[in-house]
Amino acid sequence: MTDDTFIDGPLYEKRKKVYPQSVHGRFRRIKWAILCVTLGIYYLLPFVRWDRGHGQPSQAVLVDFPHRRFYFFFIKLWPQEVYYFTGLLIIAAMTLFLMNAVAGRLWCGYLCPQTVWTDLFYAIERWVEGDRRERMQGDKRYWTLDHIRKVVTKHFFWIMIAWWTGGAWVLYFDDAPTLVKELATFQAPFIAYLWIGILTATTYLFAGHAREQTCIYMCPWPRIQAALTDEWALNVTYRRDRGEPRMSVKKADAARIHGAAAGDCVDCHQCINVCPTGVDIRHGIQLGCIQCGLCIDACDNVMTEIGRPTGLIGYDTDINMQRRQEGKPPIYRIIRARTLIYTVAIAIVGSIMLYALANRSTVSINVLHERNPLFVQLSDGGVRNDYTVRLLNKGAARSFAIDVEGLPGATVRIAGVDRQADGRLIVEVGQDQTREVRMSVQVEPAQLPKAATIIEITSTETASGQTANARDHFVPADL
């Protein structure tokens with residue numbers, strides 16, 4: 001066996017430029033609808049307003065880094081609630097797995113940002129330079145004045161779309177109308193211009209130039225989904241049992257007259273011409289196929305023109321092709337163990353998140369025991385422990401009464417807070433803020449515990465009575 005036994009082709013092949021042809025049909029309309037909805041949401045959502053009251057941001061969706069908040073319509077999340085994002089990631093992953101189990105690469109073909117923006121860039125290219133044949137001829141003629149004009153116009157529109165894509169992204173991190181005005185007058189922070197530049201360049205590169213190479217060489221999902229699919233998943237499939245052997249319409253008619261086998265595929269290459277990644281679906285499922293369904297539309301149009309039944313290419317399984325060859329009817333199993341597991345997982349995680357969101361508290365307390373020193377021995381023999389108490393208020397400005405339980409006879413003091421007439425210590429916390437106070441707990445010699453004692457620090461909202469608790473230790477002396 002020689003070293004070159006396993007080499008059956010070049011290690012590197014120069015890219016063959018893909019010229020997708022326009023097509024009309026059901027799946028193309030679905031893709032247009034998804035493109036309009038998703039891009040409409042992305043570009044316009046920062047300008048949607050939501051009234052949260054005085055002193056609160058009015059942008060419906062906002063990532064507020066300076067104040068460490070995330071706003072989504074009526075939902076407001078703090079950094080301490082990052083577990084909600086974990087839940088969303090789990091739901092997103094399970095949804096992706098479910099889509100793959102039902103119908104293959106649905107995400108890749110219809111919802112992936114790379115697919116959506118590349119579709120938009122292709123539409124601009126066709127509008128400026130013409131359809132497949134015109135673009136191929138233009139590239140062959142190369143630098144004629146008319147070709148240069150079209151290329152410059154195309155790239156101008158591409159850059160404008162990429163620029164607005166980057167601009168829309170930064171609007172999610174500050175008040176959109178204000179930031180637009182600052183950007184236009186060159187008064188916005190440098191970081192805003194930097195991210196607009198980065199996202200403009202990446203959008204222009206990936207959607208305008210990399211295109212199908214992103215899906216084939218850069219994206220990990222085509223490799224991962226192969227391990228998650230099974231024989232019951234629907235995929236865009238060339239029904240070989242019906243299409244082979246391929247031949248022209250005239251040859252097929254002649255073959256049938258003489259009783260010879262003739263398939264419905266006329267080898268017109270329309271399924272290849274419309275494919276955004278240049279895949280020949282007749283060779284079976286391939287890494288480059290994003291399952292967008294455009295080849296189905298192209299083939300159905302050809303079948304309609306020549307008077308043959310549509311569906312030569314469609315969402316199907318290899319099992320059904322085998323069954324048809326055996327004269328059996330096709331069967332479909334959308335509901336099976338795999339899809340049920342994913343659906344139940346989505347339902348469970350979603351239910352937990354909804355329950356937690358509906359029952360979450362708007363107040364919280366954290367206590368940190370002073371470590372140096374752990375305790376202070378007083379001149380009268382008593383002992384004092386010091387704590388840093390952080391109060392978290394997720395609503396309007398409120399007052400909290402601080403109490404310590406579990407240590408009879410203890411004296412509680414808070415720096416900068418005077419005791420009320422009723423003996424309570426009241427701490428004011430502003431709207432949507434946190435406040436740290438230094439609390440001292442002192443015990444007389446006669447009431448000192450003999451060992452470290454667990455104490456409970458409670459904050460009680462004076463108006464509603466809502467409470468939050470935290471536990472720590474009172475250390476009486478060296479242990």
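Buried means under 20% relative accessible area, exposed over 50% and partly exposed in between, with a 1.4 Å probe and protein chains only.

## Basis

This is a predicted model, in which local features need pLDDT of at least 70 and side-chain atom pairs count only at pLDDT 80 or more, while totals for chains, interfaces and linings use all residues. Residues are numbered from 1 along each chain as its sequence is written, and side-chain values use heavy atoms, with hydrogens and water left out.

## Cysteines

Cys-289 is buried, at 7% relative accessibility. The structure holds 0 disulfides, a disulfide being a pair of cysteine sulfur atoms within 2.5 Å. For Cys-289 the nearest cysteine sulfur is that of Cys-295, 6.2 Å away.

Cys-215 is likewise in no disulfide, and the nearest cysteine sulfur, that of Cys-112, lies 6.3 Å away. Cys-215 is buried, with a relative accessible area of 14%.

Helices (H or I, at least four residues) and strands (E, at least two) are DSSP runs, numbered from the N terminus. Axes are lines fitted to C-alpha atoms, for helices over the stretch in contact, and angles run from 0 to 180 degrees between N-to-C directions.

Helix H4 (residues 113-129) packs on helix H6 (residues 145-170) at an angle of about 150°, with the axes 9 Å apart. H4 is therefore roughly antiparallel to H6 (angles under 35 degrees count as roughly parallel, over 145 as roughly antiparallel, 65 to 115 as roughly perpendicular and the rest as oblique). Contact means heavy atoms within 4.5 Å; residues making it include Trp-117, Phe-121 and Ile-124 of H4 and Phe-157, Trp-158 and Ile-161 of H6. The contact of H4 with H6 has 11 nonpolar, 2 polar and 4 charged residues. Here Ala, Val, Leu, Ile, Met, Phe, Trp, Tyr, Cys and Pro count as nonpolar, Asp, Glu, Lys and Arg as charged, and the others, Gly among them, as polar.

## Helices H2 and H16

The axes of helix H2 (residues 83-103) and helix H16 (residues 337-359) cross at roughly 160° and come within 9 Å. H2 is thus roughly antiparallel to H16. Among the residues that meet are Gly-87, Ile-91 and Met-94 in H2 and Tyr-342, Ile-346 and Gly-350 in H16. By class, the contact of H2 with H16 divides into 16 nonpolar, 5 polar and 1 charged.

## Val-437

Val-437 is in strand S12 (residues 434-443) and is buried, at 7% relative accessibility. Leaving aside neighbours within four places in sequence, Val-437 is in contact with Tyr-387, Thr-388, Val-389, Ile-414 and Val-427. The C-alpha atoms of Val-437 and Val-427, 10 residues apart along the chain, are separated by 8.6 Å.
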